[in-house]
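Morning, everyone. I have one structure to walk through. Please have a look at it first.

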Amino acid sequence: MIPYGRQEITDADIDAVVAVLQSDFLTQGPSVPEFEQAVAEYCGASHGVAVNSGTSALHVACLALGVREGDLVWTSPITFVASANCARYCGADVDFVDIDPKTYNISVAALRVKLEQAAKSDRLPDVVIPVHFSGQSCDMEPIRQLADQYGFSIIEDACHAVGGRYQDEKIGSCRYSDITVFSFHPVKIITTAEGGMALTNDAGLARKMDLYRTHGISRDPKEMTRQPDGPWYYQQLELGYNYRMTELQAALGISQLTRLDEVVGKRHLLAKSYDKQLKDLPLILPYQEKSNYSAYHLYVIRLKLDKINASHKQVFEALRAAGIGVNLHYIPVYSQPYFSEFAFSPDDFIEAEAYYREAITIPLYHHMSFSDQDLVVESLKSVLL
Ligand SMILES: *Cc1c(COP(=O)(O)O)cnc(C)c1O
């Protein structure tokens with residue numbers, strides 16, 4: 001089976017991890033801060049806080065912004081469940097904004113309308129989490145303007161998007177947001193096995209996220225409520241977690257980061273090749289905004305079902321049967337049984353529903369061979385034509 005995504009581990013990656021195994025620190029050593037600084041520098045952000053997953057990064061981001069019970073967080077329905085769950089961990093309510101029919105990112109027009117209505121009913125969101133779907137940035141500049149107008153904070157869920165750009169800046173610069181979050185899961189652009197990072201230009205938010213990832217414990221006398229009892233003394237200031245990244249993961253991340261631009265460049269070549277080879281099939285191919293340079297985490301096609309003699313499910317099954325590891329990103333989050341108590345109506349998410357009826361993710365990873373790509377293209381042709 002050709003998977004839809006897959007990590008690449010080089011000899012240099014292995015050497016970096018082995019060196020840590022032979023060193024004094026498996027956790028809480030020098031590699032994590034080095035990785036944080038390298039990612040922050042790459043993105044042009046002031047601070048990076050490494051944690052053990054993208055999900056944890058979203059959670060500490062919400063905590064640092066003060067999300068709590070009774071608050072409201074909005075995100076996209078076409079995302080991984082973690083984009084919404086981070087708000088639920090804090091006891092906040094969740095709502096969704098329909099997607100843009102071309103980019104599949106959160107629709108700025110729908111966001112504007114929903115904000116106008118929310119202002120009238122006095123139930124504005126405290127935080128909005130735009131998700132850079134498939135690696136292409138949301139249109140952040142107008143979202144920032146709406147944030148200033150309506151007074152919400154912004155967390156960019158950039159789990160798909162490390163290595164991409166919006167306008168002339170790297171995703172992760174946090175130019176238009178409070179915090180940006182990455183995941184380093186093996187199917188993503190670069191990997192630390194499990195792992196994630198939250199970036200910010202706000203030193204206060206960075207310090208809070210740092211506290212929340214290590215039990216809420218501080219060893220800094222300036223942050224304590226009284227003089228330390230002695231050199232052993234620490235204080236727990238908040239209810240934090242153990243979300244630390246290990247030294248092994250950070251060393252792997254540092255090594256992987258050196259290849260990031262090359263990896264994303266290769267993904268673009270493969271995507272262009274798909275664009276060319278699939279253009280005459282009854283499909284809608286990924287749309288790219290001029291102001292964006294996608295990290296191309298996913299290559300999503302949409303079936304023109306009125307021009308195909310098979311159902312969505314039949315096409316999906318036929319591709320799987322042909323050894324193509326297709327997938328569907330994502331099932332609309334509001335339709336998950338866990339969210340049923342909030343009684344969302346699919347009628348409020350026309351574009352997300354239409355997308356879900358037609359979308360299929362086909363394999364794309366930077367070290368995919370052109371012959372594997374040809375096999376994907378040939379299989380699609382034989383299923384669709
Ligand atoms: C992968 C992913 C996450 C969660 O990242 P993990 O590292 O797997 O916890 C969150 N949001 C989106 C959009 C993702 O794709």
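Let's start between the domains. The count of salt bridges between domain 1 and domain 2 is zero. A salt bridge here is a side-chain nitrogen of Lys or Arg within 4 Å of a carboxyl oxygen of Asp or Glu.

Some ground rules. This is a predicted model, where local features need pLDDT of at least 70, side-chain atom pairs count only at pLDDT 80 or more, and totals for chains, interfaces and linings use all residues. Residues are numbered from 1 along each chain as its sequence is written, and side-chain values use heavy atoms, with hydrogens and water left out.

Now the domains. Domain 1 covers 2-257 and domain 2 covers 260-384; such bounds come from an automatic or database domain assignment. The contact (heavy atoms within 4.5 Å) takes 46 residues from domain 1 and 51 residues from domain 2.

How many residue pairs are in polar contact between domain 1 and domain 2? There are 28, with both residues at pLDDT 80 or more. A polar contact is a pair of N or O atoms within 3.5 Å; within protein, one must be able to donate a hydrogen and the other to accept it, and residues adjacent in sequence count only if both atoms are side-chain atoms.

Which elements give two or more residues to the side of domain 1 that touches domain 2? They are helix 4 (82-89), strand 3 (93-96), strand 6 (165-166) and helix 8 (247-257). Strand 3 gives the most, with four residues. Helices (H or I, at least four residues) and strands (E, at least two) are DSSP runs, numbered from the N terminus.

On to the ligand. It has 16 residues around it, and Gly54, Thr55, His160, Ser183 and Lys188 come nearest. To be near, a residue needs a heavy atom within 4 Å. A polar backbone atom of glycine 54 is 2.8 Å from a ligand oxygen. Aspartate 157 puts a polar side-chain atom 2.8 Å from a ligand nitrogen. Lysine 188 has a polar side-chain atom 3.0 Å from a ligand oxygen.

Two backbone points to finish. Histidine 329 and tyrosine 330 are joined by a cis peptide bond, with omega about 5°. Tyrosine 330 is in the loop between helix 10 (312-321) and helix 11 (350-358). Then histidine 215: not a glycine, yet its phi is positive, about 65°. Histidine 215 sits in the loop between helix 7 (203-213) and strand 10 (217-218).
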